[in-house]
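Hello,

Here is the structure I said I would pass on. My notes follow below it.

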Amino acid sequence: MSVNEDLHHTFPLCRQLMRLVGVWPDPDAPLSDFGRPNLRFIVTVCILIMYVYVPQFMNAIRSWGNVELMIQYIASVNFSFLACCKLIVTRYHGETLRTLMTSYRTDWITAKRNWERNTMLKLARTGRSISFSCYTSLICAISLYVYINLLKFYRNISQSERKLIYQFDYPYDMQKTSYYVITYFIQISGGMYVAMINSTVDIFVALLLLHVCAQLINLRTALNDLVEKLAEKSIPSAKFKEGITAIVLRHESLIRNAKTIDNCYSTVLLVQMMAATFQLCFESFQVYTGMIDKNSERSTIKIAFLICYVTLLLLDAYVYCYAAERLLIESTAIAYGAYECKWYDIPSRDARDLMFIVYRSMIPLKLTAGKFGIFSIEMFGMTVKTSMGYLSMLLAINN
């Protein structure tokens, strides 16, 4: 495969979707392009803020006292605010992420041995499987969302008083057909963008982390091969020292890449996990109230949409936690790899050089939520557990 095909294999659909909203850190683009405002990015942010976030925020204030309506509006505000944050952060760190993508592209170019490429492709396939699951839930949720709102549009277009998806008093006459149709479909697009941006940025970060994991596995394999060659006396001690120096420098480079990802997204991931806790609670509450609603057909469609929505939220949270857990395991496995190699068969002066790698690997690489919490499968479980606790409280209040 060519390098572009490799990148397409690693970042399948998320590359096209991030280009659509103007935040893809293209390694082929010149650095000067990242200093210019992107029209697609500006249009997307304006749609999210003016046609989704602000209307639902105002509706949440107006519905104060009505628990079900407040939860419905706050859930929408929560999700759209999170999408805006992810979009802006990705754009703000565009130059840094572009440099990171350039280094990843270099990894594919310089991977000459079959076992290196096979490791990278194996982790890329894992990322593709995760992204396929997320995008399947995303497509199901968006399809039901569009169907529900097109049905509302068909019913409202002939009414004397027309209602929008996200009701708001815009500074123009909403009862005029042309204004109403344009605004309605912009709001549909805004709702689709919110779900798409949240899932796509989550998958993008997970794929970046999995690529670092693949390079750590390759580094561990290279270290074992180097020590084995010295133990078999197939290379001299000077050649071994050159190889160890290259491995140490490569290890430091991967540590910097992992820290770069964490520095770019740590703050927004704190918001992500706090928002995900409440979002799961709110959407689960809506599923429960929809199931006990006697309004048959409409309720069934809405419940199907909400179930897809909850599934999407769970997958988005799991994506981060799985990739971060894998990063933590592979970063500490470097030390175990140095311990398990044939260091006892090489001269002691050469074996001492391995201690630099062992000491550095004792500090695991991690993805943090605002530098407070560490993403892991345990954090995913705690998030779900906490959101279900909040759900119990909401149901008690509602009853």
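In which helix is the place of Ser 76? Ser 76 sits in helix H4, residues 67–92; helices here are DSSP runs of H or I with at least four residues, strands are runs of E with at least two, and both are numbered from the N terminus.

Before the rest, some notes on the source. This is a predicted model, in which local features need pLDDT of at least 70 and side-chain atom pairs count only at pLDDT 80 or more, while totals for chains, interfaces and linings use all residues. Residues are numbered from 1 along each chain as its sequence is written, and side-chain values use heavy atoms, with hydrogens and water left out.

Ser 76 counts as buried because its relative accessibility is 16% (buried is under 20% relative accessible area, exposed over 50%, partly exposed in between, with a 1.4 Å probe and protein chains only). Leaving aside residues up to four places away in sequence, Ser 76 touches Val 52, Gln 56 and Tyr 166 (contact means heavy atoms within 4.5 Å).

As for the whole protein chain, it has 12 helices and two strands, in the order α-α-α-α-α-α-α-α-α-α-α-β-β-α. Its C-alpha atoms fill a box of roughly 90 × 50 × 30 Å along the principal axes. Of the 399 residues in the protein chain, 54% are buried. Among contacts between residues at least 6 apart in sequence, 80% join residues at least 24 apart.

Helix H8, residues 237–291, bends by about 55° at Ser 266 (the angle between axes fitted to the seven residues ending there and the seven starting there).

Regards

Key: Expected span 1.5 Å × (residues − 1).
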